[in-house]
Amino acid sequence: MAFNGDGPFNKRMRTDGESVGQKSNVHYYTDNDYYTPDQNDGDNNGPYGGFSDYDNQPRRRKGEPETPNHVLLMTILNPAYPITVDVIHTICQPYGNVLRIVIFKKNGVQAMVEFDGIDPATRAREGLQGADIYSGCCTLRIEYAKPSKLNVYKNDAESWDFTNPNVGGGMNGQMGGGPRGGGGLFNSPMPDRFGINNGMSNGGIRSGGLMGSGQGQGGPFMGGAGGPGGASLSAMGQPQPGLPQQGAVLMVYGLNKDKMNADRIFNLLCLYGNIVRIKFLKTKEGCAMVQMGDALAVERAVANLNNTTFFGCKMQLGYSKQAFLADVQQPYDLPDGTPSFKDYMGNKNNRFINPEMASKNRIQPPSKILHFFNTPPGLDEETLKQVFLEGEVVEPKSIKLFPSKTERSSSGLLEFNNISEALEALVVGNHAPIPNPNSKFPFIMKLCFSSSRHIPNKMAE
């Protein structure tokens, strides 16, 4: 079983918030603390609305002995990587049949897991207590919960009823309604890919962590050995021998404070890896921190974007010593009114979510020509130009629409006068909605840098 230092109960993580003079948003629990969401401390219609039927359960008093129950409460300490239903199910299923899982994040990251009996719940509690899900982080603190049944209203990444695959129509019936029937949230069964079958024996856990070695192996969100998609490590960002094994948090300096916000940073950096969280620093104007999917994504961003100039400022990138960014419950507003902290976990505009998606990305340095795609069929140049004019950036000097291979979408090239103009257009126009004449749902235009150096005149006409 993997323990860290003086044990998970006593360890404390110095979070990003503490490093800039703010109180950490991660709450650590003592042996007799028990947390249930308060019905009045937030919106119960959000992703954790499934707790509404037991929001008012009493908390365990200090010194009160635990009563064995078939529902466990798991607190994940130092949650450096994403914790989803799929992750929790993978580590719990070897101990017995899992009926329901609900994850909530009001104070740190916690999960409730309902087994089909007290015996498997007890085995899981004893076998997983104090273990790391990923090596050196995501440490499990487990106790018996008070509720006798979990209510799940939607099957998604944060709640799942394995007895009913059609709850809320969630995720197109993935995970098959039963423990690892195949497919699941990822493309192949997680236990084999994470080495669970080889790493567990008689309830024991290999020292590298339940799910592998975490950030040093590419990170779960990137699809290295510590996460989904391990079958395609080179495409998904598996660090190769010889690369520095720094963390996955990027420092961004020199941003134009009036023009840049979290979404615009996402629009630029998503070309080089998945984005987990973005946080602007209140004490350092024009400075932000970005937690990316893995260390290699940070390497790619630094290699391609460091010292680029746009919006009249030179952006400089560096490596942070922090392993992850903690949630910020009450972010301040940026000059444009948007929040200074945003979480992009599960954002569909991340481009390296699985090996198939990652293989379609061509890592390119900035250029004055952008490739656009996922736009409506029959798109005209004026509609494209309007996107950039509304964003108050220079419109492209020439546009090439590719002959459409299908009637479902369109694509092409945009040429600007210089790289700075192209960068400004990308951070403003990437993921801009384009009206769909055949549907109430717009197309979300996607942009990336092109390998072309110019658009020939005969193509630009």
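The second largest pocket has a volume of about 720 Å³. A pocket is here an open set of points, on a 1 Å grid over the protein atoms alone, with protein on both sides within 12 Å along at least five of seven lines, and its lining residues have an atom within 4 Å of a point. The volume is the space filled by probe spheres set on the points, which are joined across faces, edges and corners. Of the 23 residues that line this second largest pocket, Lys360, Asn361, His371, Phe373 and Cys448 are the closest to its centre. Two or more lining residues come from each of α9 (355-359), β15 (369-375) and β20 (446-449); helices (H or I, at least four residues) and strands (E, at least two) are DSSP runs numbered from the N terminus. By class, the lining comprises 9 nonpolar, 9 polar and 5 charged residues, where Ala, Val, Leu, Ile, Met, Phe, Trp, Tyr, Cys and Pro count as nonpolar, Asp, Glu, Lys and Arg as charged, and the others, Gly among them, as polar.

The model is predicted: local features need pLDDT of at least 70, side-chain atom pairs count only at pLDDT 80 or more, and totals for chains, interfaces and linings use all residues. Residues are numbered from 1 along each chain as its sequence is written, and side-chain values use heavy atoms, with hydrogens and water left out.

Helix α2 (residues 85-92) is largely enclosed by the rest of the structure, because 8 of its 8 residues are buried. Buried means under 20% relative accessible area, exposed over 50%, and partly exposed in between (1.4 Å probe, protein chains only). Among the buried residues of α2 are Asp86 and His89.

The salt bridges come next. With a side-chain nitrogen of Lys or Arg required within 4 Å of a carboxyl oxygen of Asp or Glu, the count comes to 11 salt bridges. In one of them, Arg100 pairs with Asp161, the closest N and O atoms being 3.3 Å apart. This pair links distant parts of the chain, strand β2 (residues 98-104) and strand β6 (residues 159-161), 61 residues apart. Arg100 is buried at 10% relative accessibility, and Asp161 is buried at 8%. A network of salt bridges links Arg100, Glu114 and Asp161.

Arg277 forms a salt bridge with Asp343, with the closest N and O atoms 3.3 Å apart. Here strand β10 (residues 275-280) holds Arg277 and strand β14 (residues 341-343) holds Asp343, 66 residues apart. Arg277 is buried, with a relative accessible area of 11%, whereas Asp343 is partly exposed at 37%.

How values were computed. On a 1 Å grid over the protein atoms alone, a cavity is a set of points where a 1.4 Å probe fits but cannot get out, and a pocket is an open set with protein on both sides within 12 Å along at least five of seven lines; lining residues have an atom within 4 Å of a point.
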